[in-house]
Amino acid sequence: MTLFPLARSAGVAALLALAACLSAGAQPAYPDKPLRILVGASPGGGTDILARVLADKFAPAFKQPVTVENRPGASNTIAGELTARAPADGATLLLATNTAQAVAPHILKLKYDPLKDLQPIGLVAVMPNVLVVSASSPYKSVKDLLAAMAAKPGGFKYASSGIGSTQHVGGEAFNLATGMTSIHVPYKGSSQAHIDIISGEVEMMFDSTSSAMGQIRAGKFRALAVSAPQRSPELPDVPTLAEQGIKGADVSTWYGLYVTAGTPRAAVERLSAELTRTMNLADVQSRIKALGGEPGTLIGEPFAAMNKQEFDHYGQLVRAARIKAE
């Protein structure tokens, strides 16, 4: 709002203006209260990291506190349901992944519709998944891993951040593409799964790069393959699954910002504009690329269309792999 020099009668004019606004039912500018970003995963995972990046940029721009709330469980859908049921005032945001928005609805019985009860704001990032094992494991390549799996049918386990997660789908797609059998072990978030991968309790994981890069750089994970059409710039020496003869098992994780359906248009437009500005910041783009991903560029309807396309795609994959709630 532009401020003009005050005349002597400014006090009276201000009162008259306020009365006019109230009589016309005018609403205060968005946001007029603190905001929260709900995350369906535990602290320390990729979704949590990106949510905190957004919160750090949104707070000064909106001139309101912005907090991140972790509500892990049920394949990230607890946070989704809370956002869907929140007042439609734009104060509750959701940083969701395709786990909750495109995969879990085909596996779990949800109490909300992620396509109807959540308003898409924009795509934040796309991260390829990466097949990782403990750095202390004997497996140096996918070939080594497959040979060990063939020698011990059904004796290998793979971790995920929950039933219906992209890690879960990635594991089943790998089983389907290789003809192998490995057992799914779901956790309440990637960070919890990492503990058992590092210890060797669970042999492997198809984690997102945003979640796994820290452990890879720390020398605790060994990356065997990237499940994307091309290698990751952050992991240039790690071949793709296709390069190692495994086709049809590519699974990536994308992250998007949502708000409760029915939120006023002015608030949605303000959020869209601020997300666009944030995604164009050099330090934000560098942070996302350091996590092995690409910054999102889709805002509003194009992002909603992508979400629907992904919803249909993963529905087909879930049925083909016969993935069910365990």
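Contact here means heavy atoms within 4.5 Å. By that rule, residues 24 or more positions apart account for 78% of the contacts in the chain with a separation of 6 or more. The structure is a predicted model, in which local features need pLDDT of at least 70 and side-chain atom pairs count only at pLDDT 80 or more, while totals for chains, interfaces and linings use all residues. Residues are numbered from 1 along each chain as its sequence is written, and side-chain values use heavy atoms, with hydrogens and water left out.

The chain has 11 helices and 10 strands; these are DSSP runs numbered from the N terminus, with helices being H or I of at least four residues and strands E of at least two. Its C-alpha atoms fill a box of roughly 90 × 35 × 30 Å along the principal axes. Of the 326 residues, 52% are buried, a word used for under 20% relative accessible area, with exposed meaning over 50% and partly exposed lying in between (1.4 Å probe, protein chains only).

Val39 is a place to start, in strand 1 (residues 35-39). Val39 counts as buried because its relative accessible area is 0%. Lys111 is 72 residues from Val39 in sequence, and their C-alpha atoms are 18 Å apart in space.

Asn76 lies in the loop between strand 2 (66-70) and helix 3 (77-85). Its relative accessibility is 12%, so Asn76 also counts as buried. The side chain of Asn76 reaches the backbone oxygen of Gly40 at 2.8 Å. Not counting residues up to four places away in sequence, Asn76 touches Gly40, Ala41, Thr97, Thr99 and Ala100.

Pro229 sits in the loop between strand 8 (221-227) and strand 9. Pro229 is exposed because its relative accessible area is 66%. Beyond its neighbours within four places in sequence, Pro229 is in contact with Thr240 and Asp250. Leu241 is 12 residues from Pro229 along the chain, with 8.3 Å between their C-alpha atoms.

On a 1 Å grid over the protein atoms alone, a cavity is a set of points where a 1.4 Å probe fits but cannot get out; a pocket is an open set with protein on both sides within 12 Å along at least five of seven lines, and lining residues have an atom within 4 Å of a point. Grid points are joined across faces, edges and corners, and a volume is the space filled by probe spheres set on the points.

There is 1 cavity of 30 Å³ or more. The largest cavity holds about 130 Å³ and is lined by 14 residues, with Thr47, Ser161, Gln167, Ser190 and Tyr255 nearest its centre. Helix 2 (46-62), helix 6 (166-178) and strand 9 each give two or more residues to this lining.

The second largest pocket has a volume of about 210 Å³. Among its 18 lining residues, Val126, Ser252, Trp254, Glu310 and Tyr314 lie nearest the centre. Two or more residues each come from strand 4 (118-134), strand 9 (252-260), strand 10 (294-295) and helix 11 (301-321). Helix 11 gives the largest share of the lining, 4 residues.

Definitions and conventions. A polar contact is a pair of N or O atoms within 3.5 Å; within protein, one must be able to donate a hydrogen and the other to accept it, and residues adjacent in sequence count only if both atoms are side-chain atoms.
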